[in-house]
Amino acid sequence: MQPPDWKPGDLCGHCGAVVRHESRCHWCVKLTPAGNYCRHCGAGLVPDEHYGAARWLKHLGSDQFVIPERLASMDPEQVTHFTRLYQRHANVVERHLDDMAYAEGFARQRGWVRTWEEVLLPRLPLPDEQLQALTLPPIGGTTEEERLLEIRTRSPLPVSQALAALARIRCWQASDADYVAMGLGEDMEIAIRQLRGDDPALRLEAALTLSHWRFAEAGGVFGQREVETTLREAALGPYGVEAATHLALLKARGSGTSQPVPLAALASEETDLAFAAALASFAPEPLLAALRVPRRRFAAALTLSKLGVDFELAALLPEFTADEAEQILRVLTHQQRPRPDLRAYFKAAMAGRYQVYAHTVKPMRELLLLDLRPDEAVELLREQPEPAFAAKLLQASALLPMEQGAVCSELVALNLFDPSQLPVLTMLIQSDTLPLSFIPDTFATAPEGCWRGLQTLAHHQLDAHAGLAIQPLHAFLRRLRWDSAASLRARNWAHSLLTYWYAGHSASQRPELTFTQVAATAYFPSFQEFATDFLYGLENSAVLEALEAGQRFYYPLLEVRNIEDATLVNSALMTLHPSLLDRLRTALVAFINEQGDWHPRQGAFHILNLMRQHAPWQAQNQALLEAMRGGYYDYEVQQLLAASD
């Protein structure tokens, strides 16, 4: 008893032997049990060796029921002639059926050859123009891929073209060959068209081929929506296990999570099906074993990397293509865990010893940041001087505080020390890990694009530190302000920082700088150093006039106007060397006589008047004020002298 789908011509479904001897009817061209007449059309049967001659006689118009008798009575040479005439046509069709059978041999399904045999044989013999159109040149290809390419490009039968295209794709899937090197572009176009075609068997064949694990794991599935629809329709059919496994693989790839697969797939003797099931279900053991198979190595390595399973990835990465290495690196970058085992590979790839894309070098450097070694940070920054990478470098947990200064110095050299480009710099500055010598050491060679960042750092350090610790930075800013060899922009930069700081605009609640011991030593090491610096400005007023907002230098004179207790000012002035004190008196008088803004000059008058209240200085300061009678500020002088009488 044969299965329900058994058809004439099929072998036994149990033993594989011929079920019954059959002959092809010369009239209706259908297979019929051997006997005296056709069980389909009733025509008398002829011996198999006379089939071609019988078909030719029908072509010539012989009656259905007389052909056997005519052949029996015909001269054997004439029978041979008719057979030869027919065979010329039969050979052409046989070539097409052989090509189709060859391509079908790579497919998961069967039946196209039998179907087309039943389509083509009734047409024989063919009109000459059709025979000419179907005649093909001899087979020239020597490899599977070459012969399949000939079938795809030469056959006029769409089904042969489709089967050959799908077969070429399956040859690639079963080999270690490179997809691009095989030139499968046209094959892919033909395969994708089958997903929308009328032949359900070809649709399923295309869906099974295009959802193979080599597509699913090596860059994506073409026509995925149509593929998934076809696979779902096939889930209950004879290819249901394969269809369900391919669907699970597509879903696993899209979601990044393991998917249930049929147990029959995992245990299948079809190794590609079992491997696809392992990929879809994230089964580590089969995947580790698959690393030994070259064509499965990348897909297994990619999935194991996604799982975070440790294996000898460093030994495999050099073998992968640039595309494959990029996919692996994308996974590793997403995981953000140190990979010291890959350090040597990263270094070699960055040096150009392995074939990788230029843009994949960046994630390699970012992975090295997770396993940063001493003295490596600056080198990596020089290799990739970009704000995004610099931000990641500064935030790297492996970056030691002692290396932050070197990295920031390099950022200055690269014109990247700017919080507007690198917001992370703001946090670094607020962490107060950069040395107080950073600005003095880097400013001379710093591009102007970094001055804003250095200004932010200076504000923080001036606010956060006091006493002798801040003096190297303070002294640098003062020298820069008075340095005639420096650019005016640099001097203005330093002047702006100093005047803002001296005005008491800081979180440390320092008093505003003025002529008292407490106020002066909140900024300077001593009152004498403050007086010396202020005296330099008074004696070099032309230098101040060149600066933007140079008048802010005189703010200490504005603040001193609020002091009524003469001892606060005089006790500080008494610490000065007599010669320095005399120069200060002279400079204050000269400043008053310059007849500029009244408010700071009012402060200068106030200092001279307070000094007059100290007995040893009374006569000298009285004489100075008397000498200014009749001058520009005569009214103010008269008031001061009258108040003291």
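Me: Where is Val29 found?
Reply: Val29 is in the loop between strand 1 (22-24) and strand 2 (31-33). Strands here are DSSP runs of E with at least two residues, helices are runs of H or I with at least four, and both are numbered from the N terminus.

Me: What kind of model is this, and how are residues numbered?
Reply: It is a predicted model, where local features need pLDDT of at least 70, side-chain atom pairs count only at pLDDT 80 or more, and totals for chains, interfaces and linings use all residues. Residues are numbered from 1 along each chain as its sequence is written, and side-chain values use heavy atoms, with hydrogens and water left out.

Me: Back to Val29. What is its phi?
Reply: Positive, about 65°, although Val29 is not a glycine.

Me: Is Val29 buried or exposed?
Reply: Val29 is buried, at 2% relative accessible area. Buried means under 20%, exposed means over 50%, and partly exposed is in between, with a 1.4 Å probe and protein chains only.

Me: Which residue other than glycine has phi near 60°?
Reply: Asn415, with a positive value. Asn415 lies in the loop between helix 24 and helix 25. At 31% relative accessibility, Asn415 counts as partly exposed.

Me: Backbone again. Where is the cis peptide bond?
Reply: Between Leu124 and Pro125, with omega about -5°. Pro125 lies in the loop between helix 4 (112-120) and helix 5 (128-134).

Me: Zooming out. How many helices and strands are there?
Reply: The chain has 38 helices and two strands.

Me: Spread out or compact?
Reply: Spread out. The radius of gyration is 48 Å, well over the 26 Å that the globule rule gives for 645 residues, so the chain is more spread out than a compact globule. That radius is taken over C-alpha atoms, and the rule is 2.2 Å times the number of residues to the power 0.38.

Me: What box do the C-alpha atoms fill?
Reply: Roughly 165 × 50 × 40 Å along the principal axes.

Me: What share of the residues is buried?
Reply: Of the 645 residues, 49% count as buried.

Me: What does helix 23 pack against?
Reply: The buried residues of helix 23 pack against helix 21 (361-369), helix 22 (377-383), helix 24 (401-413) and helix 25 (424-430). Those buried residues are Phe389, Ala390, Ala391, Leu393 and Leu394, in a helix that spans 387-395.

Me: New topic. How many aromatic pairs are there?
Reply: The structure holds 31. Rings of Phe, Tyr and Trp (its six-membered ring) pair if their centres lie within 6.5 Å; planes under 30 degrees apart are stacked, over 60 edge-to-face, and the rest tilted.

Me: What about Trp482 and Phe553?
Reply: Their ring centres are 5.6 Å apart and their planes are at 80°, so the pair is edge-to-face. This pair links distant parts of the chain, 71 residues apart. Trp482 is in helix 28, while Phe553 is in the loop between helix 32 (541-546) and helix 33 (555-560). Trp482 is buried at 12%. Phe553 is buried too, at 5%.

Me: And Phe527 with Phe530?
Reply: Edge-to-face, since the centres are 5.7 Å apart and the planes at 65°. Both residues lie in helix 31 (527-539), three residues apart, about one turn of the helix. Phe527 and Phe530 are both buried.

Me: Which charged ends sit over rings?
Reply: Arg39 has its charged end over the ring of Tyr37, 4.6 Å from the centre. Lys58 does this over Trp27, also at 4.6 Å. The test is NZ of Lys or CZ of Arg within 6 Å of the ring centre and within 35 degrees of the ring normal.

Conventions: Contact = heavy atoms within 4.5 Å.
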